[in-house]
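Biologist: Hi, could you walk me through this one?
Modeller: Happy to, here it is.

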Amino acid sequence: MNNLNQLIPVLLIVLTCITSYIGFNNSATFQRYQFNVIGVRYHKQYRRLITSAFLHADWWHLFFNMFTLYFFSQVISYVYGVLGFLLLYFGSVLAGNVFSLWLYKNRPSYAAIGASGGVSGILFAAIALMPQQTIYLYFIPVTSWIFATLYFAYSAWSMVHPRPNDNTGHASHLGGAVLGMIFVAVLTPMYFMRNIVFIGIMSLPLLYLAYEILFNKKAR
């Protein structure tokens, strides 16, 4: 079983690399399977909510996502097994894209690709399990709960104050990340409650974002 827990994430990464490479070289495939509001909302092409995770913008985008997925998948597979890993990954992909669809439902041109929602779910579930572990951000050691707080703050601010050339799918990232933390809370509440102070601090930027979206109608 331990071998299977290690093998499945690797197979997922290999499959994503293959499909992303096909998308790099075939614009028709790219257009057919990317997430976009008009395709999902108006043409009912719900497959895009999942298939977009198998496409990436470029090699760097692909490498960063797969590199992060590989290292943090080991923690999730160890705690929840291969089935838990797959449920969390694809559930986070779906959560990220559904959140994007809800947030940008009145922007038919909105489109996104990448596994970032699923990767964020895996990453932030691992952080919720071990918020005091050290992770490396561009070779710089950072305590994971501090990284998570800064990341959420940056994403929330970027969504409330969007920049013209910012092509990052912040909504997808945050949707996946939140599901990852909910996943830990539901399946392993003892871990969640043990780390509740760190998780609470991490979540403060999310509360700010929720206020801006729901009451000030920002980020839409």
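Biologist: What should I know before I start?
Modeller: This is a predicted model, where local features need pLDDT of at least 70 and side-chain atom pairs count only at pLDDT 80 or more, while totals for chains, interfaces and linings use all residues. Residues are numbered from 1 along each chain as its sequence is written, and side-chain values use heavy atoms, with hydrogens and water left out.

Biologist: Thanks! What is the volume of the second largest pocket?
Modeller: About 170 Å³. A pocket here is an open set of points on a 1 Å grid over the protein atoms alone, where a 1.4 Å probe fits, with protein on both sides within 12 Å along at least five of seven lines. The volume is the space filled by probe spheres set on the points, which are joined across faces, edges and corners.

Biologist: Which elements give two or more residues to the lining of the second largest pocket?
Modeller: They are helix 5 (59-103), helix 8 (170-187) and helix 10 (196-214). Helix 10 gives the most, with five residues. Helices are DSSP runs of H or I with at least four residues, strands are E runs of at least two, and both are numbered from the N terminus. Lining residues have an atom within 4 Å of a point, and they include Phe99, Trp102, Leu174 and Ile213.

Biologist: How many of the lining residues are nonpolar, polar or charged?
Modeller: The lining of that pocket has 10 nonpolar residues, one polar and no charged. Ala, Val, Leu, Ile, Met, Phe, Trp, Tyr, Cys and Pro count as nonpolar, Asp, Glu, Lys and Arg as charged, and the others, Gly among them, as polar.

Biologist: On to the core. Which residues of the largest nonpolar core touch the most other members?
Modeller: Of its 56 residues, those are Leu69, Ile76, Tyr89, Phe124 and Phe152. Helix 5 supplies the largest share of this core, 13 residues. A nonpolar core is a set of buried Ala, Val, Leu, Ile, Met, Phe, Trp, Tyr and Cys residues joined through side-chain atoms within 4.5 Å. Buried means under 20% relative accessible area, exposed over 50%, and partly exposed in between, with a 1.4 Å probe and protein chains only.

Biologist: What does phenylalanine 152 touch?
Modeller: Not counting residues up to four places away in sequence, Phe152 touches Phe124, Leu174, Ala177, Met181, Met202, Pro205 and Leu206. Contact means heavy atoms within 4.5 Å.

Biologist: And alanine 148, is that buried or exposed?
Modeller: Alanine 148, in helix 7, counts as buried because its relative accessibility is 0%. Its C-alpha is 6.0 Å from that of methionine 202, 54 residues apart along the chain. Leaving aside neighbours within four places in sequence, alanine 148 is in contact with Phe124, Ile127 and Met202.

Biologist: Switching topic: where is glutamine 34?
Modeller: Glutamine 34 is in the loop between helix 2 (27-33) and strand 1 (35-36). At 9% relative accessibility, glutamine 34 counts as buried. Its side chain makes a polar contact with the side chain of glutamine 31 at 3.0 Å. That term means a pair of N or O atoms within 3.5 Å; within protein, one must be able to donate a hydrogen and the other to accept it, and residues adjacent in sequence count only if both atoms are side-chain atoms.

Biologist: Last one: why does asparagine 97 count as buried?
Modeller: Because its relative accessibility is 5%. Asparagine 97 lies in helix 5.
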